[in-house]
Each structure stands twice: as C-alpha cells, then as structure tokens.
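Dear colleague,

My notes on the interface between two of its chains follow directly after it.

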Protein chains: 6
Amino acid sequence: MEYGARNQIQGIVAEVKKGGIMCEVIVELPGGGVMTSVMTIDSLEDMNLTVGDKVKVVVKAVNVLLVKE
Amino acid sequence: MEYGARNQIQGIVAEVKKGGIMCEVIVELPGGGVMTSVMTIDSLEDMNLTVGDKVKVVVKAVNVLLVKE
Amino acid sequence: MEYGARNQIQGIVAEVKKGGIMCEVIVELPGGGVMTSVMTIDSLEDMNLTVGDKVKVVVKAVNVLLVKE
Amino acid sequence: MEYGARNQIQGIVAEVKKGGIMCEVIVELPGGGVMTSVMTIDSLEDMNLTVGDKVKVVVKAVNVLLVKE
Amino acid sequence: MEYGARNQIQGIVAEVKKGGIMCEVIVELPGGGVMTSVMTIDSLEDMNLTVGDKVKVVVKAVNVLLVKE
Amino acid sequence: MEYGARNQIQGIVAEVKKGGIMCEVIVELPGGGVMTSVMTIDSLEDMNLTVGDKVKVVVKAVNVLLVKE
C-alpha cells in the first residue's frame with residue numbers, strides 16, 4: 001500500500017477520548033513520542049479502532065508547520 | 001511559547017528542495033525518523049531557514065490521518 | 001520566533017466555547033475583525049489559554065480559500 | 001451566499017506569483033493587512049482571477065493555529 | 001461565483017449530527033455517493049443549514065490524499 | 001484496510017501534471033466526475049503512480065467546506 005503523503009509513522013493506539021461527535025486518538029510511537037489525531041466517532045467506529053491497535057499515522061507535508069524559536 | 005496543536009516535535013533541517021514558488025523542507029528527528037514540510041519559498045526566506053537549523057515541527061491533530069492496514 | 005506560514009496576525013482572546021473534546025476560541029484583531037480557531041481542549045489547557053491573552057493567529061497559505069462572488 | 005467556515009474577510013487581489021503548477025495570491029485587506037492563498041494555476045485560471053479583483057478570503061477554524069509567545 | 005479550489009460537487013444535505021460545538025453534515029451526491037463535512041455549530045446556524053438544502057461541496061486539492069491499495 | 005476519514009472514493013488516475021516540486025493528479029470517478037489531488041513529486045515517485053492506476057481518494061471531513069449559494 002502506498003500513500004501520497006510524505007509523513008508516515010507506525011504506532012500503537014494508547015488512548016481514545018470521545019466527545020459528542022469527535023474523538024481524540026493518542027498513538028504511541030516506537031521511539032517513545034506520541035502523535036494525536038482528531039477524527040469523527042463515526043470514522044473511529046467504522047475502523048473498529050481500539051486501544052492496542054497498530055496504526056499508520058499519515059500527514060501530508062502541506063499540513064506540517066515549521067517554527068524557528 | 002505555547003502552540004494550540006497536539007503534535008510538536010524538535011528536529012534539525014536536513015535538506016531544502018526548491019520549486020517555482022513552493023519548497024520542501026526535510027527535518028531529521030532525534031529518534032532517526034524524518035518529517036517533511038511544504039511551504040512557500042517566501043516563508044522559507046522570511047524565516048531565513050537553512051540546513052542545520054533547529055526547528056519545531058507543529059501539526060494540528062485534525063490534520064493527522066490514522067490508517068489500520 | 002519565525003513561522004513557516006504566510007499569514008500571521010496578532011490578536012486578543014475574546015471568548016472560549018467548550019464542547020466535549022474540542023473548543024472554539026474567538027480572537028479579536030486590532031482592526032476590529034475576529035478570527036476563530038478550533039482546537040482540542042487538551043491543547044487549550046496545555047497553553048493555559050484564557051480570555052484576555054495575547055495570541056498570534058497563524059494560517060498556512062494552502063489552507064486559505066479565495067472566492068470571487 | 002453562505003459558507004460553512006468561521007473566517008470570512010473581504011479583500012482585493014494585490015499580486016499573483018506563478019510557479020510550475022501552483023501560484024501564490026496576495027490579498028490586501030481593508031485594514032491594511034494582507035492574507036496570502038496558495039492554489040493551483042488551474043484554479044486561478046478557472047476563476048479568471050487577476051490583480052484588482054474583489055475576493056472573499058475563507059478559512060475554516062480547524063486550520064487556524066493559535067500561538068502564545 | 002468562482003472558488004479557488006479544484007474540487008466542487010453539488011449535493012443535498014441528508015443529515016446533520018450535532019456534538020457540543022462541532023457538527024457533522026452528510027451530503028448526498030447526484031450519483032448516489034455521499035460526502036461528509038465537519039464544521040462548527042456556529043457556522044451551521046449562520047448558514048441556516050437544514051436537511052434538504054442544496055449545497056456545494058468544496059475541497060482544495062492539497063487536502064486530497066491518494067492511496068494505492 | 002480502514003481509514004480514519006469520512007470520505008473515501010475509488011477512481012482511476014487520468015492525468016499527472018508536474019511542477020518544480022509539486023504535482024497535480026487528476027482522478028476520474030466511476031460516476032463521471034473528477035477529483036484532483038496536489039502532492040509532492042517525491043510522494044508521486046514513492047507511490048510509483050501513473051495514469052491508469054486505481055487509487056482511493058481520501059478526504060477528512062474537517063477539510064470539506066460547504067457553501068449554500
């Protein structure tokens with residue numbers, strides 16, 4: 001499988017927080033960091049996503065902001 | 001400094017590729033991975049960004065897609 | 001501090017509306033207009049953001065849509 | 001006409017810079033500020049957009065990042 | 001009216017699901033498919049959007065991800 | 001395979017236009033419409049994407065704008 005996105009990282013779902021229609025999914029990365037995704041609860045349920053699942057974190061490069069502090 | 005975004009990672013600019021008005025900036029992360037950002041060359045020049053610079057990579061959680069392969 | 005984004009405007013937080021996991025932050029601009037941001041409540045709390053705070057509103061140019069009415 | 005986006009600002013196209021397939025459109029706002037949009041040259045041509053045109057600048061709130069410096 | 005976005009599809013609002021501050025709007029397309037938008041409830045109310053309304057679905061090409069399975 | 005995005009449509013790559021670092025990929029949908037994606041040429045090459053390839057078009061609902069004309 002190939003994605004048209006520069007950023008692709010493997011991780012494990014560590015936590016899911018649900019709101020009214022949106023949810024926040026926290027993914028632990030192998031190196032110890034985390035990446036967080038916000039999606040609809042409908043998508044979460046369609047994916048049947050739960051804590052412990054292996055996922056690929058995909059981010060298009062246009063959505064990545066660099067800051068020089 | 002505080003950002004209204006869930007995903008914030010420190011890295012070092014490893015490469016800059018320029019097109020006509022856009023550029024692609026590859027950032028090396030401490031763990032050995034990379035993150036890539038696409039921005040305008042105007043922003044690159046305003047930031048005076050060059051290879052070797054320390055940057056923060058910022059991504060809002062709504063722009064993170066999870067895939068279960 | 002330098003941001004890899006074309007659009008950067010100073011403003012003052014005027015109102016925060018909280019939902020289940022997301023919140024809506026309304027920022028008043030010096031010229032009298034407003035800009036609104038949606039983020040997670042987790043990010044709001046990490047920033048310790050409250051009404052009256054001075055913030056920078058940052059938008060990448062790829063996320064700006066122009067319409068000719 | 002009504003848009004499903006929190007941020008809507010009237011402006012005048014001040015400059016268009018073209019790359020290979022993308023272009024950068026700088027819009028002057030009434031208050032003196034500017035907003036910049038990046039789009040495909042195909043979209044620019046379909047809109048028949050030129051310097052001096054009146055446009056509405058539309059940004060969804062999820063794409064607005066707040067920073068507390 | 002002209003939009004600076006490659007993807008523009010006509011449809012009819014089929015369902016609105018409301019959360020705390022965000023809502024999910026499901027739009028039926030002529031060909032039988034659906035497109036879903038997430039926006040703030042504030043925007044929904046400003047648009048006075050209800051089931052049965054004719055809408056244009058607009059997506060900038062930079063926000064479209066292609067996957068080769 | 002499951003994606004954390006509401007909008008997923010099958011299509012066939014009809015055309016690829018290349019700029020300096022970005023490219024524009026036009027995808028024909030079964031119903032006769034088209035969807036266009038902009039990505040880096042690096043991603044295009046990593047995917048080995050060419051005209052005639054079957055792809056899935058994926059769009060997160062937060063990136064879908066509705067307009068009531």
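Across the interface of chain D and chain C of this predicted model, 18 residue pairs are in polar contact, both residues of each pair being at pLDDT 80 or more. On the chain D side, five strands each supply at least two residues that touch chain C: E2 (7-18), E3 (22-28), E4 (34-40), E5 (54-59) and E6 (65-68). By class, this side of chain D comprises 21 nonpolar, six polar and seven charged residues.

Four salt bridges are also found across the interface of chain D and chain C. In one of them, Lys68(D) is joined to Asp53(C), with the closest N and O atoms 3.1 Å apart.

As to extent, 34 residues from chain D and 34 residues from chain C take part in the contact. The area buried between the two chains is about 3,000 Å², and carbon and sulfur atoms give 59% of that area. Of the area that chain D buries against chain C, 24% is supplied by Leu66(D), Lys68(D) and Glu69(D), more than by any other three residues.

Strand E6 of chain C (residues 65-68) runs antiparallel to E5(D), and three bridges join the two. Within this pairing, Leu66(C) has Val57(D) of E5(D) as its bridge partner. Strand E5 of chain D is also one of the strands that supply residues to the side touching chain C.

With kind regards

Methods:
Residues numbered from 1 in each chain as written. Chains lettered and ligands numbered in written order. Predicted model: local features only at pLDDT ≥ 70, side-chain atom pairs only at ≥ 80, totals over all residues. Heavy atoms only, no water. Contact = heavy atoms within 4.5 Å. Buried area = accessible area lost by both parts, 1.4 Å probe. Salt bridge = Lys/Arg side-chain N within 4 Å of Asp/Glu carboxyl O. Polar contact = N/O pair within 3.5 Å; in protein donor to acceptor, adjacent residues only side chain to side chain. Helix = DSSP H or I, 4+ residues; strand = E, 2+ residues; numbered from the N terminus. Nonpolar A, V, L, I, M, F, W, Y, C, P; charged D, E, K, R; others polar. Pairing = 2+ DSSP bridges.
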